Amino acid sequence: MSGKVKVKDADIIGHKFHSNSCNDFIVVRKTNQKAQGKTGNYLYEIEFDEINGVKYKKYVRKEYILNGKIINPFYPSLYGVGYLGDASYVDHKYEYNKWHHMISRCYNPKDKKYKNYGALGVYVCDRWKCFEYFLEDFKKIEGYKIGELQSIDKDIKAKSNHKYYSLETCSLISVSQNRKERNVRISPYFKAISPTGQEYISNCQRDFVRNYNLKRCGINDVLRGKQKQHKGWRFEYINREEIK
């Protein structure tokens, strides 16, 4: 009869192993604690290699050490940047959904909103890449109201085109207000500079496409910084306050 090969403690304690879903860890010691359930196997203390400033420790069963089915909540598993930290999303689903969508639209090219966020250089501050810290800050965000459905806005408080998500730069606003703000930003004002240096201010790309034989994709590429000019024309976004 064939059976499982018994692995001695001496073969794992003090040795490094690899997790299937995150970074490496070392087995520190065998504890006197037993796992819950029928098996009653002893738990082992493990410590992950440092990541995001934390050497995370936890107690696990030997079989999990050997099969690599161990998760480090400080490992950036969400689109390569986001991680849970010492927090449970199960108990905070509303805040978690806000956090997840924020990370996704900034770092997931497959997100339908990525073109208006990550592709334009919008990013999330290092602290908020950790759900634990985002959760700590959520009720401190300007405009927070208990029991109301709100949206995170990083444009209202922005003092420049360099926009990002953080406690200092964001507000919580009603869903209806966020919809109005978004509708305004769909057709933002921009400055167009012709090949001869003449300047125009507009929020309608159609006029330039029709009157000057330009292409809308070319205009957008310049506005997004993918190229400097389109057929000799230069374009740049401007703040509404600049319009006289």
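At what angle do helix α2 and helix α3 pack, and how far apart are their axes? The close-up views below are taken from a predicted model.

**View 1. Packing of helix α2 against helix α3.** Two packed helices are described by the angle between their axes and the distance between the axes. Here, helix α2 covers residues 93–107 and helix α3 covers residues 131–138. The two pack at an angle of about 120°, and their axes are 10 Å apart. α2 and α3 are therefore oblique to each other. Their crossing is right-handed.

**View 2. Residues in the contact of α2 with α3.** From α2, the contact is made by Tyr94, Glu95, Tyr96, Lys98, Trp99 and Met102. From α3, Phe131, Phe134, Leu135 and Phe138 take part. By class, this contact has 8 nonpolar and 2 charged residues, with no polar ones.

**View 3. Surroundings of helix α3.** Because 6 of its 8 residues are buried, α3 is largely enclosed by the rest of the structure. The buried residues of α3 are Phe131, Glu132, Phe134, Leu135, Asp137 and Phe138. These buried residues pack against α2, β6 (150–153) and β8 (171–174).

**View 4. Cysteine 106 and cysteine 170.** A search of the whole structure finds 0 disulfides. Cysteine 106 is in no disulfide, and the nearest cysteine sulfur, that of cysteine 170, is 9.4 Å away. Cysteine 106 counts as buried because its relative accessibility is 4%.

Conventions
Residues are numbered from 1 along each chain as its sequence is written. This is a predicted model: local features need pLDDT of at least 70, side-chain atom pairs count only at pLDDT 80 or more; totals for chains, interfaces and linings use all residues. Side-chain values use heavy atoms; hydrogens and water are left out. A disulfide is a pair of cysteine sulfur atoms within 2.5 Å. Buried means under 20% relative accessible area, exposed over 50%, partly exposed in between (1.4 Å probe, protein chains only). Axes are lines fitted to C-alpha atoms, for helices over the stretch in contact, and angles run from 0 to 180 degrees between N-to-C directions. Helices (H or I, at least four residues) and strands (E, at least two) are DSSP runs, numbered from the N terminus. Angles under 35 degrees count as roughly parallel, over 145 as roughly antiparallel, 65 to 115 as roughly perpendicular and the rest as oblique. A crossing is left-handed if the near helix is turned anticlockwise from the far one by less than a right angle, and right-handed if clockwise. Contact means heavy atoms within 4.5 Å. Ala, Val, Leu, Ile, Met, Phe, Trp, Tyr, Cys and Pro count as nonpolar, Asp, Glu, Lys and Arg as charged, and the others, Gly among them, as polar.
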